[in-house]
Amino acid sequence: MELWYTENHTENVRFSTKVNNQLVSLQSDYQHIAILETEEFGKILTLDGYLMVTEKDEFIYHEMIVHVPMATNLDIKKVLVIGAGDGGTIRELVRYPGIERIDMVEIDSMVVEVCKTHLKQTACSLDDPRVTIYYEDGLRYIRNIDNEYDLILVDSTDPFGPGEGLFTKEFYGNCYKALGDKGILVNQQESTFYGSYLDVMQRSHKKIKDTFKVCKVYQAHIPTYPSGFWLFGFASKYYDPIKDIQAEDWNKLGLKTKYYNTSLHLGAFALPNYVKEHLNEID
Ligand code: SAM
C-alpha cells in the first residue's frame with residue numbers, strides 16, 4: 001500500500017508527495033506536529049497538516065529570510081526571531097560572527113524538541129551560545145520591548161491558529177518600538193497567486209507600510225509552498241535593501257549559499273506585474 005501526504009492548496013488544488021515512513025505524529029498544546037519521511041523531499045515537518053519545512057527546499061526560505069537583511073546591514077548585532085521552531089533561520093544567522101545575540105521566541109517547545117531529534121538539518125545550531133530560546137507567544141513577548149534589536153525576523157506559521165496575531169497592526173507597531181533607529185523587520189508574507197491568501201497579504205503589507213518608512217516586498221521560488229512562489233516583507237526605519245546593499249563586503253565574508261547571492265538579492269525585489277498590481281490596489 002502506498003502512503004501519500006496531501007495538502008490542499010486551495011479547494012481545487014492539491015499538493016501530494018509519497019511518504020515512506022511516519023516518524024512523528026503528536027498533538028501539542030498548540031498544534032498537531034508531524035514528521036514524515038518522503039521519497040522526493042526527504043524529511044518534512046507539518047503543523048496542523050500544513051507543510052512547513054522539507055529537507056530538499058528549506059534552504060531557499062531560510063537563506064532568503066536571513067541573508068537579504070544581513071547583506072543590507074552587516075553591522076547587525078542583536079536579532080529577535082519569532083517562531084522558527086525548526087531552527088533553519090537560526091542556522092543561517094549563526095554563520096555571521098558579528099551577531100552577538102539572538103533571541104528566539106517560539107510558542108511551542110514541542111516543535112523545537114521534535115526538530116532537534118528528527119530534523120537535525122535545520123535544528124543544528126540552536127545550542128549556539130549566542131542563542132536564547134523563550135517559549136512564549138511572540139505577540140505577547142514583544143509588547144514589553146523597547147529599542148532593543150537591530151533586526152526582527154518573523155518566521156511564523158500562516159495567519160490562522162497560533163500565528164494569527166503576528167499579522168496584526170498591534171504586532172507591527174510593537175516590532176517598530178522594539179527596533180533601534182536603523183532597525184529592519186523581515187516577515188514571511190504568504191503568496192498572492194491563489195485568492196485565498198491575497199487579502200491577508202495585502203492587509204499585512206498595508207499595516208507594515210503605515211508603520212515603517214521603508215516597506216518593500218521580495219520573492220523567492222519555493223517549490224513546496226502553494227503556487228511555488230513566496231513573498232517576504234522587508235521593512236525598515238532607515239535601510240533600503242536595494243540602495244544600501246553591501247554586496248562587496250557580504251561577498252568578502254565567503255559564506256557558501258545554495259540560493260542567495262547578491263545579484264539575486266537585487267532581482268528578488270523586481271516583482272511580476274500582477275503582484276505589483278495587487279500591492280498597488282491597497283496603496
Ligand atoms: N521555517 C519555516 C518555513 O520554512 O516556513 C516554518 C516556520 S516555523 C516551523 C513556524 C513556527 O512559528 C512554528 O514552530 C510555530 O509554533 C511558531 N509560532 C506560531 N505562532 C507563534 C506565535 N504567536 N509566537 C511564537 N511562535 C509562533
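Strands are DSSP runs of type E with at least two residues, numbered from the N terminus. The legends below refer to a predicted model.

Figure 1. Between the C-alpha atoms of Met1 and Ile184 the distance is 49 Å in space, with 183 residues separating them in sequence.

**Figure 2. Asn20 in strand β2.** Asn20 belongs to strand β2, which spans residues 14-27. With a relative accessibility of 44%, Asn20 counts as partly exposed. When neighbours within four places in sequence are left aside, the contacts of Asn20 are Glu37, Thr38 and Glu39. The C-alpha atom of Asn20 is 48 Å from that of Asn147, a residue 127 positions apart from Asn20 along the chain.

**Figure 3. Packing of helices α5 and α6.** Helix α5 (residues 169-178) packs against helix α6 (residues 195-211) at an angle of about 35 degrees, and the two axes are 9 Å apart. The crossing of these helices, α5 and α6, is right-handed. On the α5 side, the contact is formed by Lys169, Tyr172, Gly173 and Tyr176; on the α6 side, by Ser204, Lys207, Ile208, Asp210 and Thr211. By residue class, the contact of α5 with α6 comprises 3 nonpolar, 3 polar and 3 charged residues.

**Figure 4. Helix α6 and its surroundings.** The 17 residues of α6 reach 25 Å from first to last C-alpha, close to the 24 Å expected at 1.5 Å a residue. Buried positions in α6 are Tyr197, Leu198, Val200, Met201, Gln202, Ser204, His205, Ile208 and Thr211. The elements covering the buried residues of α6 include α5, the strands β10 (179-188), β11 (214-221) and β12 (229-236), and helix α9 (273-281).

Figure 5. A disulfide is a covalent bond that joins the sulfur atoms of two cysteines. The structure holds 0 disulfides. For Cys115, the closest cysteine sulfur is that of Cys124, and the separation of 11 Å is too far for a bond, given that a disulfide requires sulfur atoms within 2.5 Å. Cys215 is likewise in no disulfide, the nearest cysteine sulfur being that of Cys175, 13 Å away. Cys115 has a relative accessible area of 0% and is therefore buried. Cys215, at a relative accessible area of 17%, is also buried, because the term applies under 20%.

Notes
Residues numbered from 1 in each chain as written. Predicted model: local features only at pLDDT ≥ 70, side-chain atom pairs only at ≥ 80, totals over all residues. Heavy atoms only, no water. Axes fitted to C-alpha atoms, helices over the stretch in contact; angles between N-to-C directions. Helix = DSSP H or I, 4+ residues; strand = E, 2+ residues; numbered from the N terminus. Left-handed = near helix turned anticlockwise from the far one by under 90°. Contact = heavy atoms within 4.5 Å. Nonpolar A, V, L, I, M, F, W, Y, C, P; charged D, E, K, R; others polar. Expected span 1.5 Å × (residues − 1). Buried < 20%, exposed > 50% of the residue type's maximum accessible area, 1.4 Å probe, protein only.
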